[in-house]
Amino acid sequence: MTGWSLPSALQFLQFSHTPHDLMSDWQKTLHQSVDSLDKLKAYVTERVGAEVAEREIDVDALQPAFDNFQMRITPAALDLINEPGDAMWNQYVPTMQELDIVDGVIDSLDEDGDSPVPNITHRYPDRVLFLVSPVCASYCRFCTRRRKVGDPEKIPLNQYDSAFEYIASHPEIRDVILSGGDPMMLSDRRLEYIFQKLRAIPHVEIIRLGSRITAHLPERITDEFCEMVKKYHPIYMNTHFNHPSELTPASVAALAKLANSGVVLGCQTVLLKGVNDDPAVMKELMQKLLKNRVRPYYIYMADQVAGGEHFRTTVQKGLEIIQALRG
């Protein structure tokens, strides 16, 4: 079995040619997302009134930010927005600040500089980053990979084979991190194909999924996926929660399904100004994660990525939060 052709990948990922009655429940939910500025303005109007919508959503002014990096906000993420400027709004709604570039750079981690073949970044000796999906359920405005995410031409799904060949030819690689975009935007069939290919490589010991799906599209964690994934352990999933309000009953249920199926759960949290740059907020988040069998893995300083500079805090703020968590 070879990599997909680009058209079939686009059709699958964006569901543009899938009849509605053939979609899974999570795909139908994804179709209810807000994915344009006009839809966002209509949603805000309905939620908090026309006056607020007019003040906060200037469609013409925000269009350049939208054009630079697309927007999609799932129903689960929308439900958590209480008012403009709150923690959830700031994570998902485009702002004019994205156009104010001071010292941000496009590829802030120089991932492309460590990319020997398409879709692979090999920076650390025993592990590689393997980009397997160009799209996400919701797009985080602070995304470090915004130069690629949302654009299937920049994360080409018709070039899987060279990635598998590279991994197979480098016996020092024992850990493969599947990312994108969000790998959980792929179907179970496509994910299983990737798992099978990687498990056929003797030196690959660990497969990790980097996914925010449990936070903003928990419907994607189906019983079918949980049964399938049991065949390929050890499978790790690094989830991504930035605020305690994101641990909704639906998200908690999704995490329980994953944990009960043997998936080892961690969380990568990004320290973001206006979202979680508060010791009390971060403490509540970490405690809720641990309660739900998710091990806090990282608190990242926000990357120096162009378009996301307004999310960056000082290093001192990070140290303050770590000291508070230690108690």
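## The nonpolar cores

In this predicted model, the largest nonpolar core holds 62 residues, and the members that touch the most others are F130, I167, L178 and F195. Take L178: beyond its neighbours within four places in sequence, its contacts are F130, V132, P183, I194, F195, L198, I207, R208, L209 and G210.

On to the aromatics: the count of ring pairs comes to nine. One of them joins F142 and F311 edge-to-face, with 5.7 Å from centre to centre and 75° between the planes. This pair links distant parts of the chain, 169 residues apart. F142 sits in the loop between strand 2 (127-133) and helix 8 (160-168), while F311 sits in the loop between strand 7 (295-301) and helix 14 (315-326). Both F142 and F311 are buried.

## Around F164

F164 and Y193 also pair up: their ring centres are 6.0 Å apart and their planes are at 80°, so this counts as edge-to-face. Since F164 belongs to helix 8 and Y193 to helix 9 (residues 188-199), the pair ties together parts 29 residues apart in sequence. F164 is buried at 6% relative accessible area, and Y193 is buried too, at 5%.

Technical notes: Residues are numbered from 1 along each chain as its sequence is written. This is a predicted model: local features need pLDDT of at least 70, side-chain atom pairs count only at pLDDT 80 or more; totals for chains, interfaces and linings use all residues. Side-chain values use heavy atoms; hydrogens and water are left out. A nonpolar core is a set of buried Ala, Val, Leu, Ile, Met, Phe, Trp, Tyr and Cys residues joined through side-chain atoms within 4.5 Å. Buried means under 20% relative accessible area, exposed over 50%, partly exposed in between (1.4 Å probe, protein chains only). Contact means heavy atoms within 4.5 Å. Rings of Phe, Tyr and Trp (its six-membered ring) pair if their centres lie within 6.5 Å; planes under 30 degrees apart count as stacked, over 60 as edge-to-face and the rest as tilted. Helices (H or I, at least four residues) and strands (E, at least two) are DSSP runs, numbered from the N terminus.
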